[in-house]
Amino acid sequence: MTGRRMRSNFCKQKRRIKSTTPAKGVCGICGGPVSDVKVKNTAMLCFIPLWWKTHHEILCKNCEWSD
Ligand SMILES: [Zn+2]
């Protein structure tokens with residue numbers, strides 16, 4: 001699978017946090033407050049963005065646990 005190896009050299013993903021809002025519930029590890037984090041993932045081919053998608057994550061402020 002040489003093609004696959006080639007792709008990983010040119011393609012990389014950028015992860016950028018767009019916004020953070022306080023979420024309901026507590027952290028499963030430390031019981032601290034959690035936030036609803038909007039993350040934008042962008043796949044880059046050299047410097048050209050190929051695609052991007054936004055998703056939500058629940059992230060703990062204390063221990064950085066995420067679900
Ligand atoms: Zn935590």
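Tutor: A residue is called buried if its relative accessible area is under 20%, exposed if it is over 50%, and partly exposed in between. The model discussed here is predicted.

Student: Is C46 buried, exposed or partly exposed?

Tutor: C46 has a relative accessible area of 42%. Buried needs a value under 20% and exposed one over 50%, with partly exposed in between. C46 is therefore partly exposed.

Student: Where does C46 lie relative to the strands, and what is its phi?

Tutor: C46 belongs to the loop between β2 and β3. Most residues other than glycine have a negative phi. C46 is a residue other than glycine with a positive phi, near 55 degrees.

Student: In what order do the strands of the open sheet run?

Tutor: Strands of a sheet pair through backbone hydrogen bonds, either parallel or antiparallel. Here the sheet has three strands with antiparallel pairing, in the order β1-β2-β3. Each of the edge strands pairs on one side only, and these are β1 and β3. Direction ignored, neighbouring strands are turned against each other by an average of 15 degrees, and the order asked for is β1-β2-β3.

Student: Over how many bridges do β1 and β2 pair, and which residue stands opposite T21?

Tutor: Strand β2 covers residues 33–45, and its antiparallel pairing with β1 runs over twelve bridges. The residue in β2 that stands opposite T21 is D36.

Student: Is N41 buried or exposed, and which residues does it touch?

Tutor: N41 is found in strand β2. Its relative accessibility is 12%, so N41 counts as buried. Not counting residues up to four places away in sequence, N41 touches Q13, K14, R15, W51, W52, K53 and H55.

Student: With which residues is P49 in contact, leaving aside neighbours within four places in sequence?

Tutor: P49 has its place in strand β3 and is partly exposed, with a relative accessible area of 42%. P49 and K12 are 37 residues apart in sequence, and their C-alpha atoms are 9.6 Å apart in space. With neighbours within four places left aside, P49 is in contact with T42, A43 and M44.

Student: What is the geometry of the zinc ion's site?

Tutor: The protein donors are the SG atoms of C27, C30, C60 and C63, lying 2.3 Å from the zinc ion. Along the chain these donors follow the spacing C-x2-C-x29-C-x2-C. Four donors count as tetrahedral if all angles lie between 85 and 135 degrees. The angles among the four donor atoms are 104 to 117 degrees, so the site is tetrahedral.

Student: Are C60 and C63 buried or partly exposed?

Tutor: C60 has a relative accessible area of 2%, so C60 is buried. C63 has a relative accessibility of 35%, so C63 counts as partly exposed.

Key:
Residues are numbered from 1 along each chain as its sequence is written. This is a predicted model: local features need pLDDT of at least 70, side-chain atom pairs count only at pLDDT 80 or more; totals for chains, interfaces and linings use all residues. Side-chain values use heavy atoms; hydrogens and water are left out. Donors are N, O and S atoms within 2.8 Å of the metal (3.2 Å for Na, K and Ca); water is not among the atoms, so sites may look incomplete. Four donors count as tetrahedral if all angles lie between 85 and 135 degrees; four count as square planar and six as octahedral if opposite donors are over 155 degrees apart and all others between 65 and 115; anything else is irregular. Buried means under 20% relative accessible area, exposed over 50%, partly exposed in between (1.4 Å probe, protein chains only). Two strands pair if DSSP finds at least two bridges between them. Helices (H or I, at least four residues) and strands (E, at least two) are DSSP runs, numbered from the N terminus. Axes are lines fitted to C-alpha atoms, for helices over the stretch in contact, and angles run from 0 to 180 degrees between N-to-C directions. Contact means heavy atoms within 4.5 Å.
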